[in-house]
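Here are some notes to read alongside the structure.

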Amino acid sequence: MFWKENILNMLSSTVLNTIDSCQFQLDGDQWKYAEITDTSEIDGKYVITITIPEAADGTVTGIQLLGMGSVIGQREEHIVKKSGQILIMKLKFRVYEEGEL
């Protein structure tokens, strides 16, 4: 392994600290803000806990993280959410050297 573990951990921490907010998309329409309710480190991975509001109703078709004035992470989803339910999502990540898992 070329990179030392401490620099990889520092880069992961930097990515986490770059995140300003989170948004979700319902039924492929407008992006709305979700709440980042927790960030933690578990087994060397950073975990971001996101809560989508109770009032949201439809299919969550996307989730994105914002930072530095733009989208810094995004993925498609297909999660049916009914009004009156709270949806809690956890995103896990870490920076690692290619070939190491």
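Predicted model: local features only at pLDDT ≥ 70, side-chain atom pairs only at ≥ 80, totals over all residues.

1. Now the overall plan. The protein chain has one helix and six strands, and from the N terminus on the order reads α-β-β-β-β-β-β. The C-alpha trace spans about 50 × 25 × 25 Å along its principal axes.

2. Some totals for the chain. Of its 101 residues, 35% count as buried. The accessible surface comes to about 6600 Å², and 51% of that belongs to carbon and sulfur atoms. If you take the contacts between residues at least 6 apart in sequence, 60% of them join residues at least 24 apart.

3. In what order do the strands sit in the sheet? Reading across, you get S5-S4-S1-S2-S3-S6, an open sheet of six strands with antiparallel pairing. S5 and S6 (87–93) stand at the edges with a single partner strand each, so one side of each has no neighbour in the sheet. Direction ignored, neighbouring strands are turned by 30° against each other on average.

4. Helix H1 (residues 5–18) packs on this sheet. The strands that H1 touches are S2, S3, S4, S5 and S6. Its direction makes about 15° with that of S3.

5. For background, strands of a sheet pair through backbone hydrogen bonds, either parallel or antiparallel.

6. S4 also pairs with S5, in the antiparallel sense and over nine bridges. To find this pairing in the view, look for Thr 59, which stands opposite Val 80 in S5.

7. Asp 43 is another residue other than glycine with a positive phi, near 50°, and it is found in the loop between S2 and S3 (45–52). Met 68 has a positive phi too, near 55°, and its place is in the loop between S4 and S5 (70–81).

8. Are Asp 43 and Met 68 buried or exposed? Asp 43 has a relative accessible area of 76%, so it counts as exposed. Met 68 is at 69% relative accessibility, so it counts as exposed as well. The cut-off for that label is over 50%.

9. On to the aromatic rings, where the count comes to two pairs. In one of them, the rings of Phe 2 and Trp 3 have their centres 5.0 Å apart and their planes at 85°, so this pair is edge-to-face. Phe 2 is exposed, with a relative accessible area of 63%. Trp 3 is partly exposed, at 45%.

10. Last, the charged side chains. Side chains of opposite charge can pair when their charged atoms come close. Here the count comes to one salt bridge, in which the side chains of Glu 77 and Arg 75 meet at 2.4 Å, N to O. Glu 77 is at 18% relative accessibility, so it counts as buried, the cut-off being under 20%. Arg 75 is partly exposed, with a relative accessible area of 41%.

Terms used. Residues numbered from 1 in each chain as written. Heavy atoms only, no water. Phe/Tyr/Trp six-rings, centres within 6.5 Å; stacked < 30°, edge-to-face > 60°. Buried < 20%, exposed > 50% of the residue type's maximum accessible area, 1.4 Å probe, protein only. Helix = DSSP H or I, 4+ residues; strand = E, 2+ residues; numbered from the N terminus. Pairing = 2+ DSSP bridges. Axes fitted to C-alpha atoms, helices over the stretch in contact; angles between N-to-C directions. Contact = heavy atoms within 4.5 Å. Areas by Shrake-Rupley, 256 points an atom, 1.4 Å probe, with all protein chains shown as cover. Salt bridge = Lys/Arg side-chain N within 4 Å of Asp/Glu carboxyl O.
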